[in-house]
Amino acid sequence: MKKIGALEAGGTKMVLAVYEEDGTELERLTLPTETPEITMPPMIAFFRRHGIDALGVGSFGPLDLNPASPTYGFITSTPKLAWKNYPLLKNLLDGRSIPAGIDTDVNAAIIAEAELGAARGCQNAVYVTIGTGIGGGVYANGQTVHGLLHPEVGHTLLRPHPLDPNPRGVCPYHESCLEGLAAGPAIGARVGGDAKNLPDDHPTFEIEAFYLAQMCVNLITTLSPERIILGGGVMQRSRLFAQVREQTVRLLNGYIQAPAITEHIDEYIVAPQLFPVSGLVGSYLIGKKALEKA
Ligand code: ADP
Ligand code: ZN
């Protein structure tokens, strides 16, 4: 049986695994993300030791995902400076020409959720992680969307909440963007502490839900997904789901006449089923697809 290597490359950690073609996981390795000089050699060695036949990668970005580009598979303009313009896919392949594929970490996550998890059976779905940053993976007509580069759902612009003491948000690039207003550090900045330590009934979660609901409205009105999956550290606050669902319906104001939303919002805006390995499983599926295509 052939072996498929998978890497979920994150800003804080790298999770690697080797799978058999049927999805049986053989071994997993987690490493802290340091500089490429420190982190790449043990990753290359891990895949080499297993003699993988294909590789799938889901990575933090921005990434060059255009197969025709000379910098295909590079991490491009990331604020993690050591990884800026880094040929991630090429260096992982270590000179071998095995079938390989790369996508964003959140696109990998939505592939896994659509094939095996909370969006099973959907041809159109979105996965958004709300953690240290916010990123969205878009699955449309059965494929992830790349487009010109790839979607950057975290930097869509929102309307500030009238009671938000920090309506500009904390994104260094944009005034009042989703990530700047609603990622974990934005909540922390708003309350002067760590979002993780707040009580469930803290009023800041109503403001948070208002932003995540605007995001859902914008996704619904632009992409018409069959399901929206919300993951990441902030969504571990499970009470937020009810607040986001309620405010989404309120903001839509009856305009979208779909029973999935008007009657079944609890099954429409949902948690990931494969968390915390959605991205890793998606990376395996990307590698498996590359193998099948070859
Ligand atoms: P990363 O995005 O770095 O992969 P996470 O998805 O775990 O990591 O997100 C970390 C962020 O989520 C931090 O800003 C943290 O404050 C916030 N967070 C983690 N758990 C909770 C929680 N239960 N409630 C609210 N915020 C949380
Ligand atoms: Zn921004």
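This is a short tour of the structure, stop by stop, with something to select at each one.

Before you start clicking, know that this is a predicted model, in which local features need pLDDT of at least 70 and side-chain atom pairs count only at pLDDT 80 or more, while totals for chains, interfaces and linings use all residues. Residues are numbered from 1 along each chain as its sequence is written, chains are lettered from A and ligands numbered from 1 in the order in which they are written, and side-chain values use heavy atoms, with hydrogens and water left out.

**Stop 1: the ligand**

Now zoom in on the oxygen atoms of the ligand. A polar side-chain atom of Thr132 sits 2.6 Å from one oxygen atom of ligand 1. Asp194 also brings a polar side-chain atom to a ligand oxygen, at 2.7 Å. With Gly233 it is a backbone N or O atom, lying 2.8 Å from an oxygen atom of ligand 1. On its own, ligand 1 would expose 580 Å², and the protein buries 68% of that; these areas come from the Shrake-Rupley method with a 1.4 Å probe.

**Stop 2: the nonpolar cores**

Next, select Leu212 and Leu230, the residues with the most contacts inside the largest nonpolar core, which has 37 residues. Such a core is a set of buried Ala, Val, Leu, Ile, Met, Phe, Trp, Tyr and Cys residues joined through side-chain atoms within 4.5 Å. "Buried" stands for under 20% relative accessible area, "exposed" for over 50%, and "partly exposed" for what is in between, with a 1.4 Å probe and protein chains only.

Which elements each supply at least two residues of this core? They are β6 (125-130), β7 (134-140), α4 (178-182), α6 (204-223), β9 (227-231) and α7 (239-252). Helices here are DSSP runs (H or I) of at least four residues and strands are runs (E) of at least two, numbered from the N terminus. Highlight α6, which gives the core its largest share, eleven residues.

Stay with Leu230 and show its contacts, meaning heavy atoms within 4.5 Å. Leaving out residues up to four places away in sequence, its partners include Val128, Ile130, Met215, Phe241 and Val244. Then move to a second, separate core of 26 residues, with Leu55, Ile75, Trp83 and Leu93 among them.

**Stop 3**

Go to Thr39 in helix α1 (residues 36-50). Is Thr39 buried or exposed? Thr39 is buried, at 2% relative accessible area. Its side chain reaches the backbone nitrogen of Glu34 at 2.9 Å. Residues touching Thr39 include Met14, Leu31 and Trp83.

Now jump to Arg190 in helix α5 (residues 184-191). Arg190 counts as buried because its relative accessible area is 11%. Its side chain makes a polar contact of 3.0 Å with the side chain of Asp164. (A polar contact is a pair of N or O atoms within 3.5 Å; within protein, one must be able to donate a hydrogen and the other to accept it, and residues adjacent in sequence count only if both atoms are side-chain atoms.) Arg190 also touches other residues, including Leu181, Ile207 and Tyr211.

**Stop 4**

Most residues other than glycine have a negative phi, and most peptide bonds are trans. Here are some exceptions to look up.

- Gly61 and Pro62 are joined by a cis peptide bond, with omega about 0°; Pro62 lies in the loop between β4 (54-59) and α2 (88-93).
- Ser224 is not a glycine, yet its phi is positive, about 50°. Find it in the loop between α6 and β9, where Ser224 is exposed at 53%.
- Asn253, in the loop between α7 and α8 (259-262), has a positive phi of about 55° and is exposed at 65%.
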